[in-house]
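Me: Please walk me through this structure in short questions and answers.

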Amino acid sequence: MILSRSPKTAWRVIEGEAVILSLDTKAFRGLNPVGSRVWELIDGRRSVDEIVEVIVREFDVTHEQAARDVQAFVRELLDKGLVTSAG
Amino acid sequence: MATTKADLAIEFLPDVLARDGLAWVSAASASMAPLIQPGDALCLAPVGVERPGVGAIVAYARDARLVVHRVVATTPGGVVTRGDGLPEADAPLAWTRVVGRVTAIRTPAGRTLDLERRPWTFLEGALGRVAARPARGRLAWKARRLPFHLAAALFR
């Protein structure tokens with residue numbers, strides 16, 4: 001699955017962590033360092049599997065754990081409309 | 001992350017203005033009294049190609065706070081602003097720092113002042129010219145404040 005950031009969001013990296021604003025609900029969502037990196041990697045080109053590979057390389061985490069966490073995080077982002085599935 | 005929700009709101013204000021075309025913010029200080037009082041809601045619109053002139057009320061970020069003051073002079077690169085209730089003008093400001101322009105004021109009692117309609121389009125310029133004048137001494141200061149109190153009485 002390839003994801004894109006929704007155009008209905010605005011985001012900034014503040015003090016090293018991403019903050020996302022839903023322009024529809026005006027709700028903020030602060031991300032931890034791993035979530036921030038996943039958010040940066042969601043670019044409409046990389047697949048979720050490729051994002052997991054990057055997280056495994058850059059953070060001290062097993063492939064299984066990273067895959068589980070990234071999948072859960074991506075589901076949450078999709079549910080909140082912060083990202084869209086591009087295929 | 002030590003950033004507060006208010007900091008974030010200021011940070012993202014340009015995004016909201018670009019997307020929605022307006023944003024409501026709450027006045028927190030009396031620097032624009034008597035026309036704008038703490039607790040008033042202020043409608044901001046993006047600054048377009050036609051930049052605000054003398055008398056317009058604009059918003060900009062300073063020290064992680066949103067400042068809403070009146071334009072008292074324009075320069076090629078920006079503006080000089082001043083709070084109606086303050087004796088001194090602010091430091092000159094580049095246009096790029098101006099987040100938006102106040103187009104309406106709504107009091108807690110529900111009265112709304114549309115600054116884009118007459119007579120306010122005319123009064124804004126007049127108030128800007130008064131605000132631009134230095135007021136030395138107590139009497140001059142009181143005289144300078146009079147038009148702002150009249151404007152507030154008309155609206156509030």
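Me: At about what angle does helix α1 of chain A run to β3(A)?
Reply: This is a predicted model, where local features need pLDDT of at least 70, side-chain atom pairs count only at pLDDT 80 or more, and totals for chains, interfaces and linings use all residues. Numbering runs from 1 along each chain as its sequence is written, chains are lettered from A and ligands numbered from 1 in the order written, and side-chain values use heavy atoms, without hydrogens and water. Helix α1 (residues 33–41) of chain A lies across β2 and β3 of chain A. Its angle to β3(A) is about 65°.

Me: In which order do the three strands of the open sheet in chain A stand?
Reply: Strands are DSSP runs (E, at least two residues; helices are H or I, at least four). Two of them pair if DSSP finds at least two bridges between them. The pairing here is antiparallel, and the order is β2-β3-β4.

Me: Why is one side of β2 and of β4 in chain A left without a neighbour in the sheet?
Reply: β2 (9–14) and β4 (28–30) of chain A stand at the edges.

Me: Which residues have the most contacts inside the largest nonpolar core?
Reply: Such a core joins buried (under 20% relative accessible area, 1.4 Å probe, protein chains only) Ala, Val, Leu, Ile, Met, Phe, Trp, Tyr and Cys residues through side-chain atoms within 4.5 Å. The largest has 35 residues. Helix α1 (residues 5–20) of chain B gives the most to this core, with five residues. Those with the most contacts are B:Leu42, B:Val102 and B:Ile105.

Notes. Contact means heavy atoms within 4.5 Å. Axes are lines fitted to C-alpha atoms, for helices over the stretch in contact, and angles run from 0 to 180 degrees between N-to-C directions. Buried means under 20% relative accessible area, exposed over 50%, partly exposed in between (1.4 Å probe, protein chains only).
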